[in-house]
Each structure stands twice: as structure tokens, then as C-alpha cells.
Amino acid sequence: MATKHMNAAPGDFAPSVLMPGDPLRARYIAEKWLDEPRRVTDVRNMWGYTGSYRGIPVSVMAHGMGIPSASIYCTELVTEYGVKRLIRVGSCGTTHPDVKLRDVLIAMGASTDSNVNRMRFGGFDLAPLATFSLVANAVLAAEENQVRYHVGNIFSADLFYTPQPEMFETMAKYNVLGVEMEAAGIYPIAAEHGVEALAICTVSDDIVSGDALSSDERQNTFDEMITVALETVRMSGDPQ
Ligand SMILES: O=P(O)(O)O[C@H]1O[C@H](CO)[C@@H](O)[C@H]1O
Ligand SMILES: O=c1cc[nH]c(=O)[nH]1
């Protein structure tokens, strides 16, 4: 049965789903990396695919931009399609002096200026955390594939065009490695429903220098991050 935002049939999604914001990145991942990929949902052109990677069923589903959009797709995947593992494969900016363009960030935690987690958590602050085994396997996958990576905190911003650019300096001081727009919303959804979650991001923007990848590069060139994500799925076995 279709959901409000997806027209996939029951059983169309694999237990593990890679999630880029961009539907065209979803298509790139499916067509380049999965065996026998088929598109399982196309509502709003927010594409989802299912195929296999080294014999393991894997889906890729775009989640759009921002916590509200990502929350819809993550919630429906978990509650309507029985998905057990959400791995965001995103782009991000950085203001951290040790982080360079194209580095891969493995987000152990995600800070945010969004209010969604207080709405979920009785008005208190919840620390959005990734599933530890996925973090550990992503580190192994990055090491084995000689990917330049960092592990730590990222920041999920509600506004791409922020009225508080002075916060970028504060983020670097507090060792926030990158800025994106969804992970802090995805981790608590996984916690609420008892499933696994991880966000991995490729640095597409050096916010300090202004160096940036093109939209075509963000869509079609994140092979190192995709390798880390797929190998994390393979090494992690069946989701708990
Ligand atoms: O490239 P994706 O995965 O969409 O991620 C980042 O890019 C978008 C903003 O340009 C936001 O969704 C942000 O989180
Ligand atoms: O600077 C950036 C780059 C990608 N995504 C973001 O949210 N911010």
C-alpha cells in the first residue's frame, strides 16, 4: 500500500536504506553501485530504488532538504515499510581548520538549531547520536578504502542562508566538523522507533575560503562516501 509520500509497494524497500537529500544522487548511487536496481517510488520525483550490493539487498531513498522533509521520508520508511537502518549520504559545509573539501565526515552526533527534538522529548535537549556499531564500521570502511575521514559532531541547520554567520566561528571552536541540514532530525526518529541510523557527509563547501564543489559534482562524484556507506552496510550484517 502506498503512503502519503511514497508509492512503493509493501516489501519494496530493503532493511538498509542509503539516503541522500538529492533524488539525482539517489539515481546515481542506484545506477552505478547497485546490481539490478529498480525504481520503487517516484512521488514528487523524490526517487527511491532497490537493488543489491555484493549480494545484500540495499535501497536508496532521497529525503529532500531540511529536517521537516527528511523526517517525513524516514518516518514512513520505518513505520510503513519496516526499514531498520537509515544511512544518510549527504553533502555539507565546513568551517573547521582541519577539514578539507571532499573529506568524509562520520557524524557520531549532530547538534542543531531546530526545535524538533524538544518537541519530541518533553521540552528538554536530547543529544542526537548515531548508532555506535555503524560509526565503528564506517571508520573501518574508511580506513580499508583509504578515505580521508573525520569522526565527531556535525550541525544540522534549519536555515541554509543563516542570519547568524558569526556562529560558524563558534562551531569551529566547539569542534563541529561540518554543517548540513538533516542528521539531528534523523537520529531521534531512529531512536524513537528502535532502528539504526548514521549520517556520513562529503564536504562540498569550505565556508571560510568560499571554495565549493559544483551541483554536478555533488550529484555524481561522491564515490568515496558511497563506498564507505555500502561497506558499512555489508560489514554490519542484518540490522538489529
Ligand atoms: O546534499 P544533501 O544530501 O541534500 O545535503 C545538504 O545539501 C542541502 C543544502 O544544499 C541540504 O539538504 C544539506 O543537508
Ligand atoms: O554549506 C553547506 C553545504 C552543504 N550543505 C549545507 O547545509 N551547507
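Modeller: Glu180 is buried, since 26 other C-beta atoms lie within 10 Å; a residue is buried if 20 or more other C-beta atoms, placed from the backbone, lie within 10 Å of its own, exposed if 12 or fewer, and partly exposed in between. This is a predicted model, in which local features need pLDDT of at least 70, side-chain atom pairs count only at pLDDT 80 or more, and totals for chains, interfaces and linings use all residues. Residues are numbered from 1 along each chain as its sequence is written, with chains lettered from A and ligands numbered from 1 in the order in which they are written.

Colleague: Where is Glu180 found?

Modeller: Glu180 is in strand S8, residues 176-180 (strands are DSSP runs of E, at least two residues; helices are runs of H or I, at least four; both are numbered from the N terminus).

Colleague: Which residues is Glu180 in contact with?

Modeller: Setting aside neighbours within four places in sequence, Glu180 contacts Gly90, Cys92, Ile154, Ser156 and Cys201; contact means C-beta atoms, placed from the backbone, within 7 Å.

Colleague: What does UniProt list for "binding site"?

Modeller: The unreviewed entry lists His5, Glu180, Met181, Glu182, Ser204 and Asp205. They are spread over 201 residues of sequence and, in space, up to 30.3 Å between C-alpha atoms.

Colleague: Is Ser204 buried or exposed?

Modeller: Ser204 is buried, because 23 other C-beta atoms lie within 10 Å.

Colleague: And Ser209, buried or exposed?

Modeller: Ser209 is exposed, because it has 10 other C-beta atoms within 10 Å. Ser209 lies in the loop between strand S9 (196-206) and helix H7 (215-220).

Key:
UniProt positions are given in the numbering used here, feature names are shortened, and annotations may be inferred rather than shown by experiment. Two residues are in contact if their C-beta atoms, placed from the backbone, lie within 7 Å.
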